[in-house]
Amino acid sequence: MAQALTLTPAAAKRVAWIAQRQAKPAILRLSVEGGGCSGFQYKFDLAEAQEADDSVSETEGVKLLVDPISLDLVAGATVDFVESLGGAAFRVENPNAASGCGCGSSFGI
């Protein structure tokens, strides 16, 4: 069985804020697609509802959903929201990634 994902309190707070502004449920979907400068890239979307086969993690009332195929590539990862002088972004700390790019949005296995 794959390890669960973790949504940090900072990321949960940001998802809740975005969802409220867009009048949507506070549900963040993380998926992995082919592409990016390292082979795979992370994709974030607000979801309307959970699918039956999704892996679910919840922090402070905010759900993080991952489909079974993406879960194989991000099992055990932590999703955080980071603000710095360079900007603000969701960041994935993925223990399965063997390499990554400088922007943090793509990775290799």
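**View 1. L30 and the residues around it.** Leaving aside residues up to four places away in sequence, L30 touches L5, Y42, K43, F44, L64, L65, V66, D67, S70, V74, V79 and V92. Keep in mind that this is a predicted model. Several of these neighbours turn up again in the next view, on the nonpolar core.

**View 2. The largest nonpolar core.** This core has 20 residues, and L5, L7, L30, L64, V74 and V79 are the ones with the most contacts inside it. Which elements give two or more residues to this core? They are α1 (9–21), β2, β5 (62–66), α2 (68–74) and β6 (78–84). As a general rule, nonpolar side chains in soluble globular proteins tend to be buried together.

**View 3. The whole chain, for orientation.** Here we step back to see where the close-ups belong. The protein chain has 2 helices and 9 strands, and reading from the N terminus the elements go β-α-β-β-β-β-α-β-β-β-β. Of the 109 residues in the protein chain, 36% are buried. The chain exposes about 6100 Å², with carbon and sulfur atoms supplying 50% of that area. Take the contacts with a separation of 6 or more: 53% of them are between residues 24 or more positions apart.

**View 4. The salt bridge between D54 and R29.** Searching the whole structure turns up 3 salt bridges, and this view shows the one that D54 forms with R29, where the closest N and O atoms are 2.6 Å apart. D54 sits in the loop between β3 (40–46) and β4 (55–59) while R29 belongs to strand β2 (residues 27–34), so the pair ties together parts that are 25 residues apart in sequence. Are these two partners buried or exposed? D54 is buried, with a relative accessible area of 10%, and R29 counts as buried too, at 16% relative accessibility. The side chains of R29 and D54 are also joined by a polar contact of 2.6 Å.

**View 5. What surrounds R29.** R29 is found in strand β2. Which residues does R29 touch, not counting those up to four places away in sequence? The list runs K43, F44, D45, A47, A49, E51, D54, L65, V66 and D67. D54 is the salt-bridge partner from the previous view, while K43 and D45 meet each other in a salt bridge shown next.

**View 6. E33 and K43, strand to strand.** E33 forms a salt bridge with K43, and their closest N and O atoms are 3.7 Å apart. The pair links distant parts of the chain, with E33 in strand β2 and K43 in strand β3, 10 residues apart. E33 is partly exposed, at a relative accessible area of 32%; K43 is partly exposed as well, at 33%. In general, side chains of opposite charge can pair when their charged atoms come close.

View 7. D45 is partly exposed, with a relative accessible area of 35%.

Technical notes: Residues are numbered from 1 along each chain as its sequence is written. This is a predicted model: local features need pLDDT of at least 70, side-chain atom pairs count only at pLDDT 80 or more; totals for chains, interfaces and linings use all residues. Side-chain values use heavy atoms; hydrogens and water are left out. A salt bridge is a side-chain nitrogen of Lys or Arg within 4 Å of a carboxyl oxygen of Asp or Glu. Helices (H or I, at least four residues) and strands (E, at least two) are DSSP runs, numbered from the N terminus. Buried means under 20% relative accessible area, exposed over 50%, partly exposed in between (1.4 Å probe, protein chains only). A polar contact is a pair of N or O atoms within 3.5 Å; within protein, one must be able to donate a hydrogen and the other to accept it, and residues adjacent in sequence count only if both atoms are side-chain atoms. Contact means heavy atoms within 4.5 Å. Accessible areas come from the Shrake-Rupley method with a 1.4 Å probe; for residues, only the protein chains shown count as cover. A nonpolar core is a set of buried Ala, Val, Leu, Ile, Met, Phe, Trp, Tyr and Cys residues joined through side-chain atoms within 4.5 Å.
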